[in-house]
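Hello,

Here is the structure I promised to pass on. Please open it alongside these notes.

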Amino acid sequence: GGGAELSASLRVRTLIFGTSYVQGAASAETFRMWAEMTRRVNPGVDIIVIDSESPGPMPIPGGDPNFFIQNFGDNIGHLSLNGKDGWGRAFMRGIQQASWHGYDYVAHIECDLLFARPVADVINKMATNGVKAAAPMAMPYQFIETALCFFSVPYLREIDLIGRYDWEHP
């Protein structure tokens, strides 16, 4: 709906990034649906997938100049399996991409989460109301759901999220 028009009038540059690890037919199909849906509901918005060296078949969508995939070339692992913060590394890379390329806002949508709303709807409300970070609550745990979150990029630079997160030393 009206989110894209408002976003254009606010001149807000937004990057969507997804963290991914495709390891079989089921997760490849989920990734394909994520890519299709994310592109369809966010036309003209830049999208980057940060992939942690997926071993499975990764259906790479073509034909969209705003869709990119960045692969680390290795998979360092997972906190619960080997104590390495592979997700944190991928998450921080998405934040870095937004900062390095001058985006105003960044939205993280994990590539196994199908979010069927335009990110502009959320970003425009944030910009209009001075909100610097937004995420749903993960129930019943009472902490933010990092699979879907939205941030002001200048705010992330201001608080030095990348430096303070320090994914290399969990």
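The sheet first. In this predicted model, six strands make up an open sheet with mixed pairing. The strand order is E3-E2-E1-E4-E8-E5. Strand E3 (67–71) and strand E5 (133–134) sit at the edges. Each has a single partner strand, so one side of each lacks a neighbour in the sheet.

Next, the E4–E8 pair. Strand E4 covers residues 105–109, and strand E8 covers residues 148–152. The two run antiparallel and are joined by five bridges. Within this pair, Ala107 stands opposite Phe150 of E8.

A helix goes over this part of the sheet. Helix H5 (residues 119–129) lies across strand E1 (14–20), E4, E5 and E8. Its angle to E8 is about 40 degrees.

Now the surface. Met137, Met139 and Ile144 form a nonpolar patch there. Together they have about 310 Å² of accessible area. Ile144 belongs to strand E7 (residues 143–144). Is Ile144 exposed or only partly exposed? Its relative accessibility is 44%, so Ile144 counts as partly exposed. The cut-off for exposed is over 50%.

Pro43 lies in the loop that links helix H2 (25–41) and strand E2 (46–51). One distance to note: the C-alpha atoms of Pro43 and Glu168 are 35 Å apart. Along the chain, Pro43 and Glu168 are separated by 125 residues.

Best wishes

Conventions. Residues numbered from 1 in each chain as written. Predicted model: local features only at pLDDT ≥ 70, side-chain atom pairs only at ≥ 80, totals over all residues. Heavy atoms only, no water. Pairing = 2+ DSSP bridges. Helix = DSSP H or I, 4+ residues; strand = E, 2+ residues; numbered from the N terminus. Contact = heavy atoms within 4.5 Å. Axes fitted to C-alpha atoms, helices over the stretch in contact; angles between N-to-C directions. Patch = residues over 30% accessible without salt bridge, like charges linked within 9 Å, V, L, I, M, F, W, Y side chains within 5 Å. Areas by Shrake-Rupley, 256 points an atom, 1.4 Å probe, with all protein chains shown as cover. Salt bridge = Lys/Arg side-chain N within 4 Å of Asp/Glu carboxyl O. Buried < 20%, exposed > 50% of the residue type's maximum accessible area, 1.4 Å probe, protein only.
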